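Dear colleague,

My notes on it come after the display.

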Amino acid sequence: MRRREFLAITGVGGAALLSRPAFSPKTNLMMEENTMAYTAKDYSQLIGMAGFSETLLKNHFTLYQGYVTNTNKVLDALAAMLKEGKTATPEYAELKRRLGWEFDGMRLHEYYFENLGGKAALDPNGKLAKKIVESFGSTEAWEKDFKAVGTMRGIGWVVLYEDTAAGRLINFWINEHDAGHPAGCQPVLIMDVFEHAFMIDYGLKRADYIEAFFKNIDWKAAEARLK
Ligand SMILES: [Fe+2]
């Protein structure tokens, strides 16, 4: 199979095809089997969550699956360019830039879906609540700040990050997927504020979506991320 054809068939849902060996006619090298390809996770258990329609969630899952597929495609194409000695090219440079967008689009959605679907409130005596109070003075002050970041104009993510070097929590605005992540920090709670995350259900009422998000936070999942 020629490399171009190989890439063309790996659309959404085609990630499994990446494990097939492919033949590169230019280098005459058999491409190694890609056993490290990413696989999209199944978040269908979130369907039925209050404040999130099935249509919105299914669209969001499809979008996420596209990031997984594209992360695999970009990594595979970069590996082939490395083997073929094409690293000093504009194509290689642009694909390297693209990798951060696709990879973060994949991983941030996984954090987001995995901190949803919770039923219980934040345990005021738990490790996370204590850390929030240490860093913000109170859980109310933290929530006010997190929601304020979420209603900022623009598309992106709100992330409660743990600065593991200093031991404090900070709410960050992440522009798009790949700009603004604090180096070496641990994501604890993630909220998607791209328009696709809420417009189907809420139109321009982003604050109402944020309220629905808060009602469904899986606090145990968030707490388990603390280092
Ligand atoms: Fe999203």
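The model is predicted: local features need pLDDT of at least 70, side-chain atom pairs count only at pLDDT 80 or more, and totals for chains, interfaces and linings use all residues. Residues are numbered from 1 along each chain as its sequence is written.

Helices (H or I, at least four residues) and strands (E, at least two) are DSSP runs, numbered from the N terminus. Helix α5 covers residues 139-150, and its 12 residues reach 16 Å from first C-alpha to last, close to the 16 Å expected at 1.5 Å a residue; the expected span is 1.5 Å times one less than the number of residues.

Burial is counted on C-beta atoms placed from the backbone: a residue is buried if 20 or more other C-beta atoms lie within 10 Å of its own, exposed if 12 or fewer, and partly exposed in between. In α5 the buried residues are W142, F146, V149 and G150. Seen down the axis of α5, these buried residues fall within an arc of 105°, so they line one face of the helix; the arc is that of the directions from the helix axis to the C-beta atoms. An α-helix has 3.6 residues a turn, so residues three or four places apart point the same way. The face of α5 turned away from the buried side carries the exposed residues E140 and K144.

The buried residues of α5 pack against α4 (127-136), β3 (156-163), β4 (168-175), β5 (186-192) and α7 (206-215), where contact requires C-beta atoms, placed from the backbone, within 7 Å.

In α4, the residues L128, I132 and F136 are buried. They cover an arc of only 45° around the axis, which puts them on the same side of α4. K127 and E134 are exposed on the other side of α4. The cover over the buried residues of α4 includes α5, β4 and α8 (219-223). Just after α4, G137 takes a positive phi of about 95°.

Turning to the strands, β3 is mostly covered, with seven of its eight residues buried. Strands count as paired if DSSP finds at least two bridges between them. β3 pairs with β4 in the antiparallel sense over eight bridges, and E162 stands opposite L169 in β4. Four residues separate β3 from β4 in a hairpin, and G167 in the turn has a positive phi of about 75°. β3 also pairs with β5 in the antiparallel sense, over six bridges, with V158 opposite M191 in β5.

Conventions:
Two residues are in contact if their C-beta atoms, placed from the backbone, lie within 7 Å.
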